[in-house]
Amino acid sequence: MVGMTTTERDVARPVLEALRDDPVIASIKDASALQEVLASDRGVVFVLYGSVLDVADIVARAKDAGKTVFVDVDLLDGFAAREVVVTWIAEHTRADGVLSTKSNLVRAAKRAGLVAVQRFFLVDSFSYHQLPRVVEQAGPDAIEILPGCMPRVITWLRQDTDVPIIAGGLVCDKADVVAALGAGAVAVASSDRDVWGM
């Protein structure tokens with residue numbers, strides 16, 4: 001089994017505890033979703049939009065509303081997919097962590113004192129079998145698998161890694177949430193506002 005050291009787990013512990021208390025993560029893709037999540041009971045937010053011009057404000061608004069905030073550094077306009085973007089997020093925003101598909105950005109986030117969630121798009125058996133090796137090399141605090149509506153795959157991953165799993169993408173209703181959590185995911189991430197209301 002691939003996993004984190006005790007020290008690495010300690011850094012991520014408050015976030016993982018927040019996910020256990022509230023396992024539905026609000027993924028937001030625009031300003032209207034931000035406005036809605038600010039008034040919601042969702043405690044953890046994945047910011048999937050923004051640019052060099054506004055990401056600090058987006059994060060500040062969510063933090064002021066008491067949210068735990070992760071920024072997807074792969075999706076920010078005006079930034080290159082280089083480690084400096086993670087340093088910038090750590091130094092110029094109040095983000096708790098970052099999301100990225102890139103191992104070097106995950107490692108940079110951990111060096112910067114941010115919680116790191118590595119995203120994996122599982123499209124075939126090759127991508128599935130690469131995941132444990134990539135997780136071992138990058139050392140994320142949690143992984144997000146997409147699409148998240150694959151309880152069988154979540155069950156398999158629980159046997160291959162002890163890194164907490166977040167199910168994201170195509171999580172559309174209560175049945176998807178229950179199935180993912182029942183298969184061993186610690187949380188689900190969804191941009192579906194009906195899922196946020198559960």
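**Helix α6 in its chain**

With 198 residues, a compact globule would have a radius of gyration near 16 Å, and the protein chain has 15 Å, which agrees; the radius is taken over C-alpha atoms, and the globule rule is 2.2 Å times the number of residues to the power 0.38. Please keep in mind that this is a predicted model, in which local features need pLDDT of at least 70 and side-chain atom pairs count only at pLDDT 80 or more, while totals for chains, interfaces and linings use all residues. Residues are numbered from 1 along each chain as its sequence is written, and side-chain values use heavy atoms, with hydrogens and water left out.

The protein chain holds 9 helices and 8 strands, which are DSSP runs numbered from the N terminus (helices H or I, at least four residues; strands E, at least two). Buried residues, meaning those under 20% relative accessible area with a 1.4 Å probe and protein chains only, make up 51% of the 198.

Let me turn to helix α6, residues 125-138. At 1.5 Å a residue its 14 residues should span 20 Å, and its end C-alpha atoms are 20 Å apart, which agrees; the expected span is 1.5 Å times one less than the number of residues. At leucine 131, shortly before proline 132, α6 has a kink of about 35°, the angle between axes fitted to the seven residues ending there and the seven starting there. Both Leu131 and Pro132 are among the buried residues of α6, as are Ser127 and Tyr128. Just after the helix, glycine 139 takes a positive phi of about 70°.

How values were computed. Buried means under 20% relative accessible area, exposed over 50%, partly exposed in between (1.4 Å probe, protein chains only).
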